[in-house]
Amino acid sequence: MKVDEFRGFFAVGLGMLRARQTADAVQSFVKDMVRRPAAFQQGAIGLGLLGDKSVVPTLTAILADPQNKAFAVQSAVADSLGYVGDYRAIAPLTEMVRDEKKELTDTSRAFAVVALGIIGDKDDVPWNAQISSHFNYLGFVETLLDLIWET
């Protein structure tokens with residue numbers, strides 16, 4: 001594991017501790033980690049836990065940047081925006097989805113929809129968590145493995 005990844009986990013830890021005096025340092029870390037999605041996402045989650053909503057313009061700008069075509073970065077930004085869950089992200093994300101100037105890539109627009117979905121989700125856990133609850137992953141079942149049994 002690289003040092004930057006540890007720093008991402010430290011950012012989450014600071015958020016869990018509600019160490020609000022560290023918000024500026026964590027936000028600086030998030031801006032530096034744009035090209036490292038795992039650490040970037042952890043830092044943004046840390047800011048969300050700290051209650052720092054000021055990261056929303058930074059995240060929406062990263063997602064709207066036409067030069068940013070990295071799938072992993074776009075995914076991390078969408079997850080982070082959803083985790084922060086600030087209502088001020090809705091307007092810029094909606095503009096990205098509409099993209100009347102056709103400046104954004106299809107994946108950027110798709111991840112804007114993902115972020116809107118996560119922000120608007122009323123549940124604390126993802127929608128598919130109930131499907132996998134009490135699931136026997138060792139079970140050998142035809143419907144799960146898509147096998148055709150001949151009788």
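The second largest pocket of this predicted model is lined by Ala64, Pro66, Glu95, Met96, Arg98, Asp99, Glu100, Lys101, Glu103 and Leu104. Here a pocket is an open set of points, on a 1 Å grid over the protein atoms alone, with protein on both sides within 12 Å along at least five of seven lines, and a lining residue has an atom within 4 Å of a point. A cavity, by contrast, is a set of points where a 1.4 Å probe fits but cannot get out. Rolling a probe the size of a water molecule over the atoms shows where empty space is left. The volume of the second largest pocket is about 200 Å³, taken as the space filled by probe spheres set on the points, with grid points joined across faces, edges and corners. Its lining comprises four nonpolar residues, no polar ones and six charged ones. In this division Ala, Val, Leu, Ile, Met, Phe, Trp, Tyr, Cys and Pro count as nonpolar, Asp, Glu, Lys and Arg as charged, and the others, Gly among them, as polar. Helix 6, residues 90-98, contributes the most to this lining, with three residues.

Residues are numbered from 1 along each chain as its sequence is written. Because the model is predicted, local features need pLDDT of at least 70 and side-chain atom pairs count only at pLDDT 80 or more, while totals for chains, interfaces and linings use all residues; side-chain values use heavy atoms, with hydrogens and water left out.

The protein contains nine helices and zero strands, where helices (H or I, at least four residues) and strands (E, at least two) are DSSP runs numbered from the N terminus. The order of elements from the N terminus is α-α-α-α-α-α-α-α-α. Of the 151 residues, 35% are buried; buried means under 20% relative accessible area, exposed over 50%, and partly exposed in between (1.4 Å probe, protein chains only).

A nonpolar surface patch is formed by Phe6, Phe9 and Phe10, which together have about 330 Å² of accessible area. Patches are made of residues with over 30% relative accessible area and no salt bridge, nonpolar side chains (Val, Leu, Ile, Met, Phe, Trp, Tyr) being joined within 5 Å and like charges within 9 Å. The areas come from the Shrake-Rupley method with a 1.4 Å probe, and for residues only the protein chains shown count as cover. Phe6 lies in helix 1, residues 3-16, and is partly exposed at 40% relative accessible area. The C-alpha atoms of Phe6 and Gln42 are 9.6 Å apart, although the two residues are separated by 36 residues in sequence.

Arg18 is located in the loop between helix 1 and helix 2 (23-32). Its phi is near 60 degrees, a positive value in a residue other than glycine. Arg18 is partly exposed, with a relative accessible area of 44%.

Side chains of opposite charge can pair when their charged atoms come close. Two salt bridges are counted under the criterion of a side-chain nitrogen of Lys or Arg within 4 Å of a carboxyl oxygen of Asp or Glu. One joins Arg88 to Asp86, with an N to O distance of 2.6 Å. Arg88 is partly exposed, at 46% relative accessible area, whereas Asp86 is buried, at 5%. The salt bridge between Asp106 and Arg109 has its closest N and O atoms 3.8 Å apart. These two residues, Asp106 and Arg109, are three residues apart in helix 7 and so are separated by about one helical turn. Asp106 is exposed, with a relative accessible area of 60%, and Arg109 is partly exposed, at 28%.

Helix 7, residues 106-120, also holds Ala115, which is buried with a relative accessible area of 0%. Ala115 and Ala76 are 39 residues apart along the chain, and their C-alpha atoms are separated by 9.9 Å. Asp52 occupies the loop between helix 3 (37-50) and helix 4 (56-64). With a relative accessible area of 13%, Asp52 is buried. A distance of 9.2 Å separates the C-alpha atoms of Asp52 and Asp24, which are 28 residues apart along the chain.
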